[in-house]
Amino acid sequence: MQLQLQKCSLHHVEELMKISKKTFIDAFEEDNEPEDFKNYIDLAFDKERVLEELKNEHSYFYFVYKELDLVGYFKLNAEDAQSDVKDSSAMELERIYVLQEFQGLKIGQWMLDEVKEIVLEKGKKYIWLGVWEKNLSAIKFYQKYNFFKFGEHPYYIGKDKQTDWLMRYDV
């Protein structure tokens, strides 16, 4: 399977919004209250917000292609772009998603390997992420690749306060 990585730029905003909404809706819609969820989607993936994230010099979006098909994406944050930990020796893996029709092909594993390489190239010591405590398959996935829980933080979907596990991998 031939996979390729492409760093996103400002001209990718529409495509990034589309895949962001699709993957998030597919992953979490059924487990959340509809109005809160819709409000979250409208806010989190608003064009102006996504453009601001793309403009941030410490945020990095990457598309993943299988041949010509866009199959997933991930977002890394460094320095003050990190959402919680804000450790200059770390990078946050804020998002990592594979479209449903391409899941089960080890694309997530490939993406995680690419993330580790990028983090090493940037001279960071560890990767951290937040994962919803009820997303057991994602937690198992990260544990399989030697991430460990080191804390928790609140995550809001609309007014619904949820709990994310903070997980870490030392590179």
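Two rings of Phe, Tyr or Trp (its six-membered ring) make an aromatic pair if their centres lie within 6.5 Å, and planes over 60 degrees apart count as edge-to-face. Keep that handy, and remember that this is a predicted model.

**Exercise 1. Work out what kind of pair Phe24 and Tyr97 make, and what the pair connects.**

Step 1. A search of the whole structure turns up 15 aromatic pairs.

Step 2. For Phe24 and Tyr97, the ring centres are 6.3 Å apart and the planes make 70°, so with a limit of 6.5 Å for pairing and over 60 degrees for edge-to-face, this is an edge-to-face pair.

Step 3. Now place the residues: Phe24 belongs to helix 1 and Tyr97 to strand 4, so the pair ties together parts 73 residues apart in sequence.

Step 4. Check the burial, where the cut-off is under 20% relative accessible area. Phe24 comes in at 6% and is buried; Tyr97, at 16%, counts as buried too.

**Exercise 2. Trace how strand 4 pairs on either side, and how the chain gets from strand 4 to strand 5.**

Step 1. Strand 3 and strand 4 are antiparallel, with 7 bridges between them. In this pairing, Ala78 stands opposite Met91 of strand 4.

Step 2. Strand 4 and strand 5 run parallel and are joined by 3 bridges. Here Glu92 has Trp128 of strand 5 as its bridge partner.

Step 3. To get from strand 4 to strand 5, the chain passes through helix 4, a right-handed β-α-β crossover.

Step 4. How much of strand 4 is covered? Mostly: 8 of its 9 residues are buried.

**Exercise 3. Identify the rings that have the charged ends of Lys116 and Arg168 sitting over them.**

Step 1. The charged end of Lys116 sits over the ring of Tyr169, 4.1 Å from the ring centre.

Step 2. For Arg168, the ring is that of Tyr126, with the charged end 3.6 Å from its centre.

How values were computed
Residues numbered from 1 in each chain as written. Predicted model: local features only at pLDDT ≥ 70, side-chain atom pairs only at ≥ 80, totals over all residues. Heavy atoms only, no water. Phe/Tyr/Trp six-rings, centres within 6.5 Å; stacked < 30°, edge-to-face > 60°. Helix = DSSP H or I, 4+ residues; strand = E, 2+ residues; numbered from the N terminus. Buried < 20%, exposed > 50% of the residue type's maximum accessible area, 1.4 Å probe, protein only. Lys NZ or Arg CZ within 6 Å of the ring centre and 35° of its normal. Pairing = 2+ DSSP bridges. Right-handed = clockwise from strand over helix to strand, strands pointing away.
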